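We will walk through two chains, one stop at a time.

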Amino acid sequence: MTTQTQPRTKIYSLWIIILGITAIILISAIPLFVVQDSEFGGADGLGAETVATLAPDYNPEWITNWWEPPGGETESALFALQAAIGGILIGYFFGYLRGKQKGRAEINPSPTDET
Amino acid sequence: MSLKKFKNPKTIGWLLLIVFLLSIQVAWAKSSAAPSKMHIMEGYLPLGWAIFWWVAAIPFWVIGFVQVRKVITEKPQQRIMLGLAGGFIFVLSALKIPSVTGSSSHPTGTGLSTILFGPFITAILGTIALIFQALLLAHGGLSTLGANSVSMAIGGPLVAYGIWLLLKGKTPTWLSVFATAFVADLATYLITTTQLALAFPDPVSGFWGSWLLFAGIFAVTQIPLAIAEGILVVLIFNALQSTASNELKELGLEGV
């Protein structure tokens, strides 16, 4: 990734960026190796148990989801779809911004200029 | 040039911090295995509370909607940034990340939008992601949409925006950005905790007993994820500074 230094704005070097990404990956991956006897299971369902302990008489069935994914496979597909939609937005708009910046730099070599 | 950076005391500090955080993770992992969750599931709030949080959320949606329209009509350039901020929330809230407690949870992604557009527009963007999850994934629900919006799309961003205004320009950019994203994530969980404790106070120890019980479940799971999210938002904001300086300037975020 090339970075363009601009006045008063500090742009990190590639090393710092790699360091940051590594940290993120480590934070999210280390539990997989450290916690052995777990499936990292459905977070939502487990919280319900606490409610059941605190208020055994409470009936959460007074309303149910109008539709539920039939199984784990469909559910993960839909989660992937959600992430994909977000990823497309981010990628598209970042690409747009970079292209715009590049186009501006080609027309006018001085980087501080406004459109 | 790049290697010199490693001799920089700041870089060494960062490295030490990461090592420290990882060691905390390992320590935690050995000590606890509690479940956690993100959104309140459908039906898991009594009708009264469900309505209460819906009503509480409405003013924020209204103001947010007006602000979104204003951005779209008056600053059409910023539509790009709106899309980016919304996309970011979509991606991050779809990622269930394993945590040291042996369960999964996901980040909120609302920090970036809070920095760029403030809490009201974030309320709209966050609620869109929540509706998607409630309708298609049975993750959260319609009765609890109000409560989940108040925690993830409104309350978390609101608290985080306070932090942002407090730190902006006074601390290095990375620190202000990191703190804002970190707080947006964590505050979301504390609000969820409060909502559940209010609806289900412990029969013996009351609201606080219940609060501590839910908080114990969430906090440990969420802190590492909030840290990861904070780092990610720092990187994204940095990338924006290099590619979207004009847009940031228009949002009043130049040299913050």
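**Stop 1: a kinked helix in chain A**

Select α1(A) and centre on Ser28(A): a kink of about 30° lies there, shortly before the proline Pro31(A). The bend at a residue is the angle between axes fitted to the seven residues ending there and the seven starting there. Helices here are DSSP runs (H or I, at least four residues), strands are runs of E (at least two), and both are numbered from the N terminus.

Before going on, a word on conventions: this is a predicted model, where local features need pLDDT of at least 70, side-chain atom pairs count only at pLDDT 80 or more, and totals for chains, interfaces and linings use all residues. Residues are numbered from 1 along each chain as its sequence is written, chains are lettered from A and ligands numbered from 1 in the order in which they are written, and side-chain values use heavy atoms, leaving out hydrogens and water.

Now put a distance between the end C-alpha atoms of α1 (residues 14-34) of chain A: they are 30 Å apart, which agrees with the 30 Å that its 21 residues should span at 1.5 Å a residue. The expected span is 1.5 Å times one less than the number of residues.

Colour the helix by accessibility next. Buried residues of α1(A) include Ile17(A), Ala23(A), Ile27(A), Ser28(A) and Pro31(A); buried means under 20% relative accessible area, exposed over 50%, and partly exposed in between (1.4 Å probe, protein chains only).

**Stop 2**

Go to Trp62(A), in the loop between α2 (43-54) and α3 (72-107) of chain A. At 35% relative accessibility, Trp62(A) counts as partly exposed.

**Stop 3: chain B**

Show chain B as a cartoon to find ten helices and two strands, in the order α-α-α-α-β-β-α-α-α-α-α-α from the N terminus on. Of its 256 residues, 59% are buried.

Just after α5(B), Gly118(B) takes a positive phi of about 85°.

Finish at Ala138(B), in the loop between α6 (119-136) and α7 (145-167) of chain B. Ala138(B) has a positive phi of about 55° although it is not a glycine. Most residues other than glycine have a negative phi.
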